[in-house]
Amino acid sequence: MTTEMASVAQITTRALAILSRELGPVNTARFINQFSVGSGDYTQERDSIIGNLTVAEIVAEIKKQRKPSSD
């Protein structure tokens with residue numbers, strides 16, 4: 001039995017088709033996303049957003065923003 005060597009592009013195309021067929025497009029995207037490298041500096045971004053807030057302060061802010069306005 002002779003097997004022809006497929007290119008990486010051909011293997012990728014076939015693998016994505018199989019994953020999409022078996023998992024669906026959304027779950028295929030989620031699966032592939034776990035292998036991608038992010039960008040930026042999470043720690044720096046988190047600190048610029050949260051700063052020195054405590055967990056209690058963050059929870060209070062979330063609750064405050066969830067309350068319906070009384071317009």
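The following exercises, with worked solutions, concern a predicted model.

Residues are numbered from 1 along each chain as its sequence is written. In this predicted model, local features need pLDDT of at least 70 and side-chain atom pairs pLDDT 80 or more, while totals for chains use all residues.

**Exercise 1.** Determine which helix holds Thr-28 and whether Thr-28 is buried or exposed.

*Solution.* Step one: Thr-28 belongs to helix H2, residues 25-33, where a helix is a DSSP run (H or I) of at least four residues, numbered from the N terminus. Step two: the relative accessible area of Thr-28 is 6%. Buried means under 20%, exposed over 50%, and partly exposed in between, with a 1.4 Å probe and protein chains only. Thr-28 is therefore buried.

**Exercise 2.** Identify the residues in contact with Thr-28, leaving aside neighbours within four places in sequence.

*Solution.* Contact requires heavy atoms within 4.5 Å. On this basis, Thr-28 touches Leu-16, Leu-19, Ser-20 and Leu-23. A polar atom of the Thr-28 side chain also lies 3.1 Å from the backbone oxygen of Leu-19 and 2.7 Å from that of Gly-24.

**Exercise 3.** Classify the pair formed by the rings of Phe-31 and Phe-35.

*Solution.* Step one: rings of Phe, Tyr and Trp (its six-membered ring) pair if their centres lie within 6.5 Å; planes under 30 degrees apart are stacked, over 60 edge-to-face, and the rest tilted. Step two: the count is one aromatic pair. The centres of Phe-31 and Phe-35 are 5.2 Å apart and the planes stand at 75°, so the pair is edge-to-face. Step three: Phe-31 is partly exposed at 35% relative accessible area, whereas Phe-35, at 57%, is exposed.

Conventions: Heavy atoms only, no water. Helix = DSSP H or I, 4+ residues; strand = E, 2+ residues; numbered from the N terminus. Polar contact = N/O pair within 3.5 Å; in protein donor to acceptor, adjacent residues only side chain to side chain.
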